[in-house]
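Visitor: Can you walk me through this model? Keep it quick.

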Amino acid sequence: MSNIELLPKYTYSDYTMWEGDWELIEGVPVAMAPAPMRKHQNIATEIIFELKSSFEDEECPECEVSFENDWKISNDTILRPNIVFVCNDDNKKYLTKAPKIIIEILSPSTAKKDETVKFNIYENEKVNYYILVYPDDLKAKVYKIKNDKYSKVGDFTKKRLVFEDIECDLELDFEKVFRRFRR
């Protein structure tokens with residue numbers, strides 16, 4: 001028996017009572033990193049602005065762009081992606097459905113988890129697009145689900161990404177997202 005199997009397993013009801021910022025992955029609590037660097041937060045703001053301005057709420061009222069929401073995948077797995085685009089999820093406390101798009105902005109303390117553990121979870125949950133943003137490189141790696149597996153769409157630094165196979169017309173212009181950080 002490994003030491004990991006000896007650790008207690010927690011559930012959503014435990015999670016709701018903890019202080020601070022946490023994620024819960026298969027019953028194992030994972031402390032979230034301290035508040036990200038300003039550049040991280042500013043890139044997130046630019047991405048949200050670009051996504052919000054690329055679609056009309058009136059034409060797509062069942063969908064929304066959101067920041068830092070809990071996603072309850074199961075009773076023992078709750079994640080908090082940086083940015084999501086989700087449709088038809090009316091729960092007021094947390095997300096209950098797989099978002100169409102998840103964007104994680106990596107920091108040195110989260111990169112490994114975002115590139116492996118979360119990548120696998122989002123793929124298993126069939127999130128249409130998973131985007132990893134590297135603030136120091138001003139680059140985004142974009143993955144799209146195809147035949148139940150992620151395939152890489154490409155690396156984006158100055159290109160525009162047009163999302164396919166989602167309910168709303170939506171795009172993300174990485175030239176605009178990263179422009180002010182290139183100065």
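Guide: Burial terms come up a lot: buried is under 20% relative accessible area, exposed is over 50%, and partly exposed is in between (1.4 Å probe, protein chains only). The model is predicted, so local features need pLDDT of at least 70 and side-chain atom pairs need 80 or more, while totals for chains, interfaces and linings use all residues. Numbering starts from 1 along each chain as its sequence is written, and side-chain values use heavy atoms, without hydrogens or water.

Visitor: What does the pair of Arg160 and Glu171 tie together?

Guide: Arg160 is in strand β11 (residues 160-162) and Glu171 in strand β12 (residues 171-173), so parts eleven residues apart in sequence are tied together. Helices (H or I, at least four residues) and strands (E, at least two) are DSSP runs, numbered from the N terminus. Arg160 itself is partly exposed, at 45%.

Visitor: Which other salt bridge does Arg160 make?

Guide: Arg160 also meets Asp173, at 3.0 Å from N to O. That pair links β11 with β12 across 13 residues. Asp173 is buried, at 8%.

Visitor: How many salt bridges are there in the whole structure?

Guide: The search finds 16. Another one joins Lys118 to Glu104, with the closest N and O atoms 3.0 Å apart. Lys118 sits in helix α4 (residues 111-124) and Glu104 in strand β7, so the bridge ties parts 14 residues apart in sequence.

Visitor: Are those two ends buried or exposed?

Guide: Lys118 is buried, at 3% relative accessible area. Glu104 is buried too, at 2%.

Visitor: Switching to Glu50. Which side chain of opposite charge is nearest?

Guide: Lys176, at 4.6 Å. Glu50 is buried but has no salt bridge. For charges, Lys and Arg are positive, Asp and Glu negative, and His and the chain ends are not counted. Glu50 belongs to helix α3 (residues 38-54).

Visitor: What does Glu50 contact?

Guide: Beyond four places in sequence, Glu50 contacts Glu171, Leu172, Asp173, Lys176 and Val177. Contact means heavy atoms within 4.5 Å.

Visitor: Now the largest nonpolar core. Which residues touch the most other members?

Guide: Ile47, Phe85, Ile131 and Phe163, out of 31 residues. Elements giving two or more residues include α3, β3 (63-67), β6 (83-87) and α5 (174-178). The largest share, four residues, comes from α3. A nonpolar core is a set of buried Ala, Val, Leu, Ile, Met, Phe, Trp, Tyr and Cys residues joined through side-chain atoms within 4.5 Å.

Visitor: What does Phe163 touch?

Guide: Leaving out residues up to four places away, Phe163 touches Leu51, Ile101, Tyr129, Ile131, Leu170, Glu171 and Leu172. There is also a second, separate core of 19 residues, including Trp71 and Phe119.

Visitor: Last topic, the sheet. What is the strand order?

Guide: The open sheet of six strands runs β3-β6-β7-β8-β9-β10, with mixed pairing. β3 and β10 (149-156) are at the edges with a single partner strand each, so one side of each has no neighbour in the sheet. Strands pair if DSSP finds at least two bridges between them.

Visitor: In which sense do β6 and β7 pair?

Guide: Antiparallel, over three bridges. Ile83 stands opposite Ile103 in β7.

Key. A salt bridge is a side-chain nitrogen of Lys or Arg within 4 Å of a carboxyl oxygen of Asp or Glu.
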